[in-house]
Each structure stands twice: as C-alpha cells, then as structure tokens.
2 protein chains.
Amino acid sequence: MSILKLLLTLVVGIVTFSSNAVAQEKKVRVQMGWAFPSTTGLLGPTQTRLVEMLRTNSGGSIDVKGYEPGALVPASQYFDAVSNGTLDMAWTVAGFWTGKDIAFAMYASVPFGPGVGEYLAWIKHGGGEQLMKALHAKYNVEVIPCGVISPEASGWFRKEIKTLDDLKGLKMRFFGLGANVMQKMGVSTQLLQGGEIFQALQMGTIDATEFSMPVMDLTLGFHQVAKFYYFPGWHQQSTINELLISKKKWAEFSETQKSIIRTSCDATMLQQFAEGEALQFGAMKEIQSKGVKLMRWPQEFIDAFEKAWIEVAAEEAQKSAEFKKAWDSYSEFRKNYAIWKDLGYLK
Amino acid sequence: MSILKLLLTLVVGIVTFSSNAVAQEKKVRVQMGWAFPSTTGLLGPTQTRLVEMLRTNSGGSIDVKGYEPGALVPASQYFDAVSNGTLDMAWTVAGFWTGKDIAFAMYASVPFGPGVGEYLAWIKHGGGEQLMKALHAKYNVEVIPCGVISPEASGWFRKEIKTLDDLKGLKMRFFGLGANVMQKMGVSTQLLQGGEIFQALQMGTIDATEFSMPVMDLTLGFHQVAKFYYFPGWHQQSTINELLISKKKWAEFSETQKSIIRTSCDATMLQQFAEGEALQFGAMKEIQSKGVKLMRWPQEFIDAFEKAWIEVAAEEAQKSAEFKKAWDSYSEFRKNYAIWKDLGYLK
C-alpha cells in the first residue's frame, strides 16, 4: 500500500468514526469555590458529588475542580468574586448576601416557611426562580438553585433558655431572615461562615449559634461547648443552595454543557434532600450520647418568634423593593396552595 | 501543496482536534414505552422531558424515542417486554406488577406512608433502592427510581359515601397496596391502566376510581362522570415512578451514559415533585368549577382504612418473603426516623 493510499484510508476512517459518534464538546476549565469545609456533614459530600457529577456526565468536557473555602477566596467573598469574574463558580447559599439586599434571603430560606415541596413549587413553578435570577443578574451573576434540605435545628445554647427574657442580650451567630427575628427578641446577631463558628463559640465571642441540621452541626463540634440544642428550626424549615456562575464562564459552555449543569443541579437537590432526611436521626442520637439535651421550644416561644417574623416581613417589604417583589409572589403562591395543603395531606 | 501534504495536514488536524476534545460516546438507540398517555397532566410532560433530557445531556449519543402506551406493547406488559428484551426501556410504576409479587408495591407507594422526604430517605439511604433493584433483577430487569409525586387524591365516586356500608359492593379501579385495603372494606377492585379508566367509568363497568393527583385526574375527564372527589389520598401519600431497562440494553451504555441516565432520573424526581406540588390547587379549583364536590373523608373512615391496612401489611408479610424483607426494612427506618420527625418539624 502506498503512503498516499494509507493516508487516504486513515482520513476516511477518522471521518467515518466521527460521523458515527456524537458532537464533541470543547473542554471548559472551571474553578468552583465551596462555601463549606468538605468535612462538613451532608454539605461536604454534596459539594464533592456535584463536581464529580459534572465531570462524569460531561465526559470530562466540564473540567471542574472544587476548592475549600478560603483556598481561592474567602467564602464570604464568593458573590463578589463571581460577579467580577475572578472566580468561575461557587456553591453556596443566597442568604449570605443580605448585606447587598435582604431580598437574597427569600431564595435561601423563609422563617415559618413551607416544607421542601411547597417551597420548590414556588421556586420552580411559582415565579421564584425567575425573580432569583433577575436579582442575581443585577450583579452580573448567573445563578441556578442547586441543593435543598428539610428543616434545620433551631440552634445551640450554652445555657437553657427558660423565658423569653433569657434571650435578651445574647450574642448569637444567625443566618438570613431569622436573624432579623432574633434581633426583635433582643438577641445581638452576627453572620459567620461555617468554618468560623466553632472557634467563636469556644472563645465566648458568641453565646449561641444556629448553623444547620444535626448531622452538619455534629461535624462542626458545637456539642463540645454548648449543651442545649433546640428544635424545631422555625427559621429554616427548608433551605436552598445555589450555584453561582460568572457570566463570562457561562458563555463558554455549549448548550449541551449548560443542560448538564442544570440537570446536575436538579439531581443534587434531590440527592441532598433525601440524604438530609436520612442522616438526622443517627446524628441526633449521637449528639444525645455526648451529653447534649435535645430541647423543643415551648409554644410560647414559637408564637413570639412568629409574631416578630410577621413584623420583620412587613418592615423589609417597606425597605427593599426586591424583597417586596419576592414576598408578594411567595405570599400569593402560598395563599393559592392552601386548598391543596388542607385537603391533600393526612393530618 | 501536493496531495500527500494536503492529506497529512488533514490527518494531523483531525487528530489534534480529537485530542483536545473529550471522549466520544457511541450512539445507542433506545425505544422507551410510556405508561401514561402523553396528554396526561404532569405525567405526560414528565415522560417527554425525561426523553429530551437524556438526548440533550448525552449530546444525542443516547438516541432515545418515547412511545405512547400501546404503540409498542400495552403498558400492562412493559415489565415482561423489558424482561425478555423486546422493549429497551419503560417509564412506569412498580405497583403495576403486584400480580408477580405484592412486594413491588412497596417501591411505588405505601398506604399511610410517609411524605416524599422520608420515603426518598428510605429508598435512597435506608436500603429501599437495593431491595427494589434485587427484586427487579430476579426478573432480569434493571431499574432506577425515576420520578416522585406528593399525595394523590383518594378517588372519584358517582355517589356520596356517607357510611362505611356504602363502600360495600362497589366496583372500583384501585392501584397497589391500597387495593387490598379496599377489599377489606368490601370493595371489589381491579387495576386498569390510565388510558382505560375513563371508558370503564362511563360504561358503568366500575362505580368509582382512584387514579392520581387532581391535575392528572382532570386531564382524564373523570369529572364528566363522577361528582364526588375524595381526599386525602391515604393510600398514596407519595408515589415513586421507575425506569425499567432491559439488561441487554443497559450493557450497551458507556459509564458516562449510565451516569447521565441515573442523574436524569434524579433530576426527573426533583422536577416532577416540584411541578406536582405546583399544579394541584389550580386543577382543584377547575374541578370545583365543573360541579364536582371536593370531599374530605371523616376521621371514622381514615381510622377504618388504617386499621385494615395494618391487617393487610401483616398478612402480605406472611405470604411474600420479598414483601416481608421490604416491610421490615421500611418499618425499622420509620421507627428510627421518628425522633427527627417529632423534633425537626413545626407542628
């Protein structure tokens, strides 16, 4: 066979192979910042799984690597870093950005809010996600809801809280809209990232903290310092995680890659929800075995928190046009949903 | 440029292009049977969306096409067709196969069962999915949980049911384990596929039917024949859809393609759950506007159904070793979960 013939055979072979196969995707390199230490219960594995899912399902064309909080930029600065394009992606929670606009909290978790099903129904089919995307777009950020958990615990306290007065003057780490409620109860709140809380609690910089569900809280070691663990987490009955993507990076993906990212985020929501529900009872038993008391707020406290929340929602709607838009949409959806909630479920 | 040089340039170009791109997937052709007419509310769009998701996320390498029930084989024969390899895939519900083993019903919906979160926790992290896969594997079928909905309605009746005696002698379409409960109440049950029910109700072959949630029931037109619509669906507080895949076809997929299928099923669960929660209140209001009365079972009925269910579960555990395995695993999980259910949620 002449060299000419050999080459012709090669070319025909390669072209034939290509036409039998599917379109090739260009490799896109992505750095993803994680909001939580990878050792954090549930959240850590969810972050890792998302990265693996994107790599595997794209056949490696989404060449993504995840980074611990602080390895690229501090977790508290992810939003700005993605906004200005210095970070490609971050997996985090919208409630961290309330310093920019309190409306961000509506896309993370709402006090006395609905269960996961109703919340996702509003996000996915009640206009919530469009409003969330529009708010993020104002800051040049692409966003996809990318995780969800059922209720959190209400928080860890060094001392038993016997009366509402016991809350007054406490210094407490608190997240999202629940923080505004706690302020009305006389608590002084601050928002620390996951990795910063334990030390603050140990040093006495704070007297109490809420963070997340029992399995996450357990891995952060709060039981070593605080012996009263309160339920239910009225301030976060369901909480959504978000994937932030810089506009510049988003434009690099093909339509196939964009679809893989969206699908992976929906799958992440499902997996995290199921795993979150599965891991709590074991963690609660372990926390009990470490000498921590599992407490339930007396109804008097729940009523007081809810009353304060109604005031907070009305006040924030006055202050932020973006919050008002989200709050009105959410409230209208819940009003309509009520007939289904009332008849569809076993009591 | 000589032909030799031109060809060399071509070869080098193609090889370079290939090495920059990701691994190519071989195209696999797949025929998927749908259990529900594509016009059925929620279920129809979910089936269509799953097919599109698989095609798009695989860049077309999973070359899948969906078929209406009956177009390839009747929906009631999907399991056998996938088992013997004459059908590649089917999107359906495990509760249709109770004629083979009552245990299949445990992987579809359990009367007086938990909400979506707790049910998925058992399936995904409590051993449910492994048992489900082992049961299907006995029949040479690969299975992936691939959809979930929150509560169904309890059913449509031509006449108001005022006493438990009114149930006796009724002929009713009924699905899964709830059928065994209804038999204890004196109801004569049969399982018809979605597309067959309306005619049976109209012809008087059956006096009553349950099918699914309000939005699905609405598209099947039951309101034209039956004017009493009962809630809550105690027999199906959450229901899982399954993707059946023939072992032969499963072996043709690459690891990337298998991962895309699993991820798409999880994403389908999330999307269907959220959409299901969003669509019911509108459908209920439309059903009311057509002159149908929305009824809630008096507590006396709920108690009688639950009592019968406890008997049914014990009896089936005696009869089927596979059911007993599933029931024991599920019951143990629910017992452990109780501490979280009790403390974690707002009442």
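Colleague: Which residues of H4(B) are buried?
Modeller: This is a predicted model, in which local features need pLDDT of at least 70, side-chain atom pairs count only at pLDDT 80 or more, and totals for chains, interfaces and linings use all residues; side-chain values use heavy atoms, with hydrogens and water left out. Residues are numbered from 1 along each chain as its sequence is written, while chains are lettered from A and ligands numbered from 1 in the order in which they are written. Buried means under 20% relative accessible area, exposed over 50%, and partly exposed in between (1.4 Å probe, protein chains only). In H4(B), the buried residues are Val116(B), Gly117(B), Glu118(B), Tyr119(B), Leu120(B), Ala121(B), Trp122(B) and Ile123(B).

Colleague: Which element of chain A is included in what covers the buried residues of H4(B)?
Modeller: Helices (H or I, at least four residues) and strands (E, at least two) are DSSP runs, numbered from the N terminus. Helix H4(B), residues 116-125, is largely enclosed by the rest of the structure, because eight of its 10 residues are buried. From chain B the cover includes H5 (128-137), S4 (141-149), S10, H10 (255-289) and H12 (321-344). From chain A it includes helix H10 (255-289).

Colleague: Which C-alpha of chain A is nearest the axis?
Modeller: Copies are superposed by least squares on the C-alpha atoms of residues with pLDDT of at least 70 in both. Chain A is laid on chain B with an RMSD of 0.0 Å by a turn of 180° and a shift of 0.0 Å along the axis. That is the relation of a two-fold axis. At 2.1 Å from the axis, the C-alpha nearest to it in chain A is that of Ala267(A).

Colleague: How do H2(A) and H10(A) run relative to each other, roughly parallel or roughly antiparallel?
Modeller: Axes are lines fitted to C-alpha atoms, for helices over the stretch in contact (heavy atoms within 4.5 Å), and angles run from 0 to 180 degrees between N-to-C directions. H2(A), residues 43-57, packs on H10(A) at an angle of about 150°, with the axes 10 Å apart. Angles under 35 degrees count as roughly parallel, over 145 as roughly antiparallel, 65 to 115 as roughly perpendicular and the rest as oblique. The two helices are therefore roughly antiparallel.

Colleague: Which residue in S10(B) stands opposite Ala90(B)?
Modeller: Two strands pair if DSSP finds at least two bridges between them. S3(B), residues 89-92, runs parallel to S1(B), residues 28-34, over three bridges, and there Gly33(B) stands opposite Ala90(B). S3(B) also pairs with S10(B), residues 239-246, in the antiparallel sense over four bridges. In S10(B), the residue opposite Ala90(B) is Leu244(B).

Colleague: Which residues of strand S3(B) point the other way from Met89(B) and Trp91(B)?
Modeller: In a regular strand the side chains alternate between the two faces of the sheet. Met89(B) and Trp91(B) point one way from S3(B), and the four residues named for this strand are all buried. Pointing the other way are Ala90(B) and Thr92(B).

Colleague: What is the relative accessibility of Phe112(A)?
Modeller: Phe112(A) lies in the loop between S3 (89-92) and H4 (116-125) of chain A. Its phi is near 55°, a positive value in a residue other than glycine. Phe112(A) counts as buried because its relative accessibility is 11%.

Colleague: What is omega for the peptide bond that joins Phe231(A) and Pro232(A)?
Modeller: Most residues other than glycine have a negative phi, and most peptide bonds are trans. Pro232(A) lies in the loop between S9 (228-231) and S10 (239-246) of chain A. The bond joining Phe231(A) and Pro232(A) is cis, with omega about -15°.
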